[in-house]
Amino acid sequence: MSFLTLQNISKRYGQVAAVEDFNLSVEKGEFVSFLGPSGCGKTTTLQMIAGFEEPTTGTIHIDGSDMTHVAPNARDIGIVFQSYALFPHMTVTENVGFGLEMRGINKPERDQRVTETLELVRLAEFADRYPKALSGGQRQRVALARAIVIKPQLLLLDEPLSALDAKIRESMQVELRNIQHTVGVTTILVTHDQAEAMAMSDRIAVMNMGRMAQLGEPFEIYENPGDSFTSNFLGTTNLFPGKVIAVNGDEVSVDCSGTEVRVQGKSQTGAELSVAIRPEKIGLVEPGSGFFDARVRTRIFLGTSWAYQMDSDLGAFNVTLQNTGHLVAGEGEMVGISWQADAVRLLGAG
Amino acid sequence: MKTWLPPYLLNGPALLIFVVMLVVPMVMTLILSFNSFDFYGGIQEDYGWHNYLEVVKDSYFHEIFARTYGIAIAVTLICIIIGAPEAYILSRMSKTWRSLCLLAILGPLLISVIVRTLGWALLIGNNGVINEVLLGVGIIDTPLKMMFTTGGIVVALVHVLVPFMVLSVWTTLQKLDPQVESAALSLGASHFTTLRRVVLPQVMPGVLAGSLIVFALTASAFATPSILGGRRLKVVATTAYDEYLNTLNWPLGAAIAVILLIANVVVVMSYNRYVERKYAAVFD
């Protein structure tokens with residue numbers, strides 16, 4: 001049995017289902033993210049693991065024991081809250097030591113573990129400050145230290161980085177991941193930020209409307225999204241709706257608004273579906289030498305890359321090109337569109 | 001026109017009312033408190049500290065001041081004990097129940113002080129409802145003395161002042177991050193420990209602000225102690241009133257009033273100082 005098992009979890013508020021039939025097994029030491037838009041049920045699921053909500057149906061097992069109806073203060077779970085939820089009337093040391101104190105650990109050992117943990121999160125010199133006198137990133141690290149100092153069975157992170165600005169957020173992602181590796185604690189992260197989920201997790205559970213849409217390693221689900229929701233939520237995807245006109249073994253020919261596009265995959269003639277391609281997998285070639293031609297509507301420089309918006313017979317779509325130091329196509333120019341055969345995916349209609 | 005003038009002109013009417021209605025009577029009371037009183041000649045136009053010395057030296061006044069501040073401390077403590085939990089429960093209620101309960105809590109403030117106090121008199125008097133019931137049931141043989149006691153005054157003052165404590169604590173509770181309680185629970189604290197170690201310290205500024213209001217209002221309360229305490233169980237405010245209207249010794253009454261004012265200001269200011277210094281490092 002896995003370390004954390006959620007079996008057929010559902011949560012209903014009256015007639016409204018917040019979470020439906022959710023199943024997940026997490027191995028010891030694994031880092032799993034719940035990724036989805038707000039209202040997808042990811043926070044509710046986290047609340048049920050933490051014990052602040054009880055599932056309407058289903059069971060939660062941690063390390064083999066049934067925790068479904070155990071009170072939150074008896075679960076031995078460390079949580080980092082979105083607002084950090086630090087105790088404003090306690091110093092950093094007192095905040096971090098609170099959980100140890102509740103476990104009846106004597107002061108010398110408590111002090112030692114607090115010091116160690118504060119060194120781990122690089123906050124040793126702020127031990128005597130109150131939360132009010134700390135920056136957002138520092139508060140975040142106090143919240144993390146407070147959650148891991150108790151050596152919990154499970155660490156839950158509820159949108160822990162959403163209140164930080166972009167620069168600090170990126171460095172905290174790396175730091176959080178490193179700390180999690182050092183401590184080796186099984187971790188669940190709830191986030192709506194796909195970049196965060198991909199950067200930090202061993203596996204991602206993509207959630208949509210209370211259900212799990214897809215579960216897998218970041219690279220795997222980025223490359224092989226199961227549906228158009230996942231493919232659009234993880235990164236961006238150009239979707240060309242079309243109709244299958246011919247199937248030749250592993251190759252499918254799709255008619256997208258009059259242009260024939262060939263895709264590796266399986267389908268049936270006459271099926272309505274979408275051809276999906278990531279903007280960064282499209283290449284620009286001489287007009288006439290690609291699969292079809294398109295006109296550059298806008299071109300935005302992003303430093304490491306160029307973002308193009310294109311108009312074509314297939315409809316509008318996006319292209320991302322690495323900045324190689326050379327200018328490629330300008331606004332208003334016609335270009336040919338090309339890609340590697342294995343870069344395109346077939347997704348169900350929608 | 002000079003630029004500094006318009007603000008003063010705009011403030012003028014309010015300033016005038018403030019000066020005429022508040023500053024002038026206060027200054028006149030202060031001057032009056034230095035005059036002396038002659039039983040046959042009335043107020044004498046001389047100046048001295050004799051009225052203040054009389055209050056400071058006479059054990060009769062010591063007792064009255066001690067009673068006043070004793071009542072103020074008791075009312076404040078009881079208001080904390082009742083009001084703080086009441087506010088916490090209120091903050092956890094659903095919207096509909098909260099509105100209803102808030103109305104019930106604020107009820108006493110909506111009734112005239114005289115009517116409310118006379119209501120208490122009907123309830124706790126020797127022939128009042130409580131005594132009639134207890135006598136009728138046979139629990140007691142002689143009526144309990146509740147009217148004209150400090151206890152009666154304290155109960156009636158708590159009744160009207162508890163809303164100030166509830167509102168003050170409630171305001172601080174609303175600023176509380178609800179996740180902080182969850183955090184304490186997740187760290188293994190029991191509900192009671194969470195309340196004591198996490199919630200209570202954070203609402204202390206509200207409790208302290210509420211006590212300030214309750215204390216100041218109790219120490220200067222007049223109507224309730226006057227009706228429920230009668231002419232013999234005096235507090236400072238009723239003593240000043242009696243000196244003015246019964247003994248007709250206006251200068252002594254004025255001196256008592258001035259001492260009460262100064263004492264209240266000193267208590268309130270130093271308390272406020274203490275609170276601000278204590279929490280400056282912790283809260284915004």
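Reader: What makes helix α4 of chain A and helix α5 of chain A roughly parallel?

Author: The axes of α4(A) (residues 136–148) and α5(A) (residues 166–183) come within 12 Å and cross at roughly 15°. Axes here are lines fitted to C-alpha atoms, for helices over the stretch in contact, and angles run from 0 to 180 degrees between N-to-C directions. Under 35 degrees counts as roughly parallel, over 145 as roughly antiparallel, 65 to 115 as roughly perpendicular and the rest as oblique, so α4(A) is roughly parallel to α5(A). Bear in mind that this is a predicted model: local features need pLDDT of at least 70, side-chain atom pairs count only at pLDDT 80 or more, and totals for chains, interfaces and linings use all residues. Residues are numbered from 1 along each chain as its sequence is written, while chains are lettered from A and ligands numbered from 1 in the order in which they are written.

Reader: Which residues make that contact?

Author: From α4(A) come G137(A), Q140(A), L144(A) and I148(A), and from α5(A) I168(A), M172(A), L176(A), I179(A) and V183(A). Contact means that C-beta atoms, placed from the backbone, lie within 7 Å. By class there are seven nonpolar, two polar and no charged residues; Ala, Val, Leu, Ile, Met, Phe, Trp, Tyr, Cys and Pro count as nonpolar, Asp, Glu, Lys and Arg as charged, and the others, Gly among them, as polar.

Reader: Why is α2(B) called roughly perpendicular to α12(B)?

Author: Helix α2 (residues 50–57) and helix α12 (residues 250–279) of chain B pack at about 65°, with axes 9 Å apart. That angle makes α2(B) roughly perpendicular to α12(B). In this pair, N51(B), Y52(B), E54(B) and V55(B) meet P251(B), L252(B), A255(B), I256(B) and I259(B).

Reader: How do you know whether E159(A) is buried or exposed?

Author: Count the neighbours: a residue is buried if 20 or more other C-beta atoms lie within 10 Å of its own, exposed if 12 or fewer, and partly exposed in between. E159(A) has 20, so it counts as buried. This residue sits in the loop between β7 (154–158) and α5 of chain A, and has a positive phi of about 45° although it is not a glycine.

Reader: And what does M209(A) count as?

Author: With 15 C-beta neighbours inside 10 Å, M209(A) counts as partly exposed. M209(A) also has a positive phi, about 50°, without being a glycine. For context, most residues other than glycine have a negative phi. Its loop runs between β9 (203–208) and β10 (211–216) of chain A.

Reader: What makes G188(B) buried?

Author: G188(B) has 22 C-beta neighbours inside 10 Å, so it counts as buried. G188(B) lies in the loop between α8 (178–186) and α9 (191–219) of chain B. Not counting residues up to four places away in sequence, G188(B) touches N73(A), G99(A), M102(A) and R103(A).

Reader: How many residues does each chain bring to the contact between chains A and B?

Author: 19 residues of chain A are in contact with 18 of chain B. On the chain A side, α2(A) gives the most, with three residues. That side has 13 nonpolar, four polar and two charged residues.

Reader: How many residues has the largest nonpolar core?

Author: It has 75 residues, and its largest share, six residues, comes from α4(A).

Definitions and conventions: Contact = placed C-beta atoms within 7 Å. Helix = DSSP H or I, 4+ residues; strand = E, 2+ residues; numbered from the N terminus. Core = buried A, V, L, I, M, F, W, Y, C linked by C-beta atoms within 7 Å.
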